[in-house]
Amino acid sequence: MTDGARRSRVAVVIFPGSNCDRDALGAVEAVGGEAVPVWHQSRDLQRCGAVILPGGFSYGDYLRAGAMAAHSPIMKAVRRHAEQGGAVLGICNGFQMLLEVGLLPGAMLMNRSLRFICRDVFLRVERTDLALLRTLSVGQVLRLPIAHKEGNWFADPAVVREVESGGAVAFRYCDAGGQVRPDANPNGALQGIAGLVNRDGNVLGMMPHPERRVARLLGGEDGRALVRALVEAA
Amino acid sequence: MQVEVRVKLKDQVLDPQGEAIRRVLCNLGYEEVGQVRVGKLMLLEVAGEDPELLRARVEEAARELLANPVIEDFEVRLP
């Protein structure tokens with residue numbers, strides 16, 4: 001980034017109970033963006049061109065994961081931003097919020113094992129024809145950490161068919177070789193779905209954490225290209 | 001008036017928590033227990049006299065926040 005050039009501004013919304021907000025802010029800065037922390041009570045996105053809804057346990061996961069945050073004042077601005085084509089990335093709890101506000105289809109159930117799962121998983125990239133995914137290649141396998149208890153994506157059969165036929169699946173859980181298999185699915189999510197995009201392709205939700213993998217020192221750089229795509233879309 | 005909102009997973013949604021409880025009950029000797037489903041019971045203290053109006057308001061609140069229609073059904077009970 002040359003001196004004087006304006007960096008792309010990316011809002012990271014902080015809810016009470018968010019715990020991946022600092023990683024998200026750091027990841028945006030690591031790829032050359034300007035990270036802007038935005039408190040959930042705020043009503044505007046401070047001229048940011050993209051938004052991250054970070055992971056954590058907003059409102060202590062009371063009622064349902066993401067359900068209370070979905071009604072925070074900032075979510076009206078996030079919805080407006082999304083409806084105008086602005087880029088939104090929801091990670092983990094942020095993905096749960098996107099489902100709760102209806103920007104993405106389906107809902108999260110408790111993991112099949114009933115356990116909180118905190119470990120690395122492999123993801124297969126299903127689409128790259130969107131701004132938010134264009135830094136990846138189809139079939140590419142990413143290794144990213146998950147850390148959640150409610151990541152078991154569910155929808156009724158009609159919605160599942162729509163999601164599949166409409167190309168809404170961004171990522172599926174797979175093995176190290178890129179094979180989507182039941183035993184590579186950590187939480188029981190239907191169709192091995194780990195990440196979804198909306199019809200316009202500007203809203204992406206995913207359970208794995210790309211923001212935790214932007215430096216070799218922190219275990220790898222497999223999340224870096226995704227964060228860069230978001231910054232470039234801002 | 002105290003209004004009950006019962007939220008439960010839809011019948012077609014698997015309930016691994018209920019299944020885990022059933023297995024433990026079975027181990028404890030309660031072999032007659034078939035299926036277990038876990039739900040939520042919310043007790044709302046609500047101001048108002050007209051039961052129909054009250055029910056309509058609480059049902060609206062349930063649709064907007066208390067239950068997620070993708071995975072859950074709810075039932076509102078007035079005293």
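**Figure 1. The largest pocket of the predicted model.** The largest pocket holds about 510 Å³ of space. A pocket is an open set of points on a 1 Å grid over the protein atoms alone, with protein on both sides within 12 Å along at least five of seven lines. Grid points are joined across faces, edges and corners, and a volume is the space filled by probe spheres set on the points. The lining (residues with an atom within 4 Å of a point) comprises 25 residues, and those nearest the pocket centre are A:Leu63, A:Arg64, A:Met110, B:Lys40 and B:Glu72. Two or more lining residues come from each of α3 (93–101) and β5 (107–109) of chain A and β1 (2–9), α1 (16–27) and β2 (39–45) of chain B. Helices (H or I, at least four residues) and strands (E, at least two) are DSSP runs, numbered from the N terminus. By class, this lining has 13 nonpolar, 4 polar and 8 charged residues. Ala, Val, Leu, Ile, Met, Phe, Trp, Tyr, Cys and Pro count as nonpolar, Asp, Glu, Lys and Arg as charged, and the others, Gly among them, as polar.

The model is predicted: local features need pLDDT of at least 70, side-chain atom pairs count only at pLDDT 80 or more, and totals for chains, interfaces and linings use all residues. Residues are numbered from 1 along each chain as its sequence is written, chains are lettered from A and ligands numbered from 1 in the order in which they are written, and side-chain values use heavy atoms, without hydrogens and water.

**Figure 2. The second largest pocket.** Its volume is about 400 Å³. Of the 19 lining residues, A:Leu103, A:Pro105, A:Val197, A:Asn198 and A:Arg199 lie nearest the centre of this pocket. Helices α2 (74–83) and α4 (157–165) of chain A each contribute at least two lining residues, and α4(A) gives the largest share, 3 residues. The lining divides into 8 nonpolar, 6 polar and 5 charged residues.

Figure 3. A cavity is a set of grid points where a 1.4 Å probe fits but cannot get out.

**Figure 4. Chain A.** Chain A contains 5 helices and 11 strands. The C-alpha atoms of chain A fill a box of roughly 50 × 35 × 35 Å along the principal axes. Buried residues (under 20% relative accessible area, 1.4 Å probe, protein chains only) make up 57% of its 234 residues.

Key. Buried < 20%, exposed > 50% of the residue type's maximum accessible area, 1.4 Å probe, protein only.
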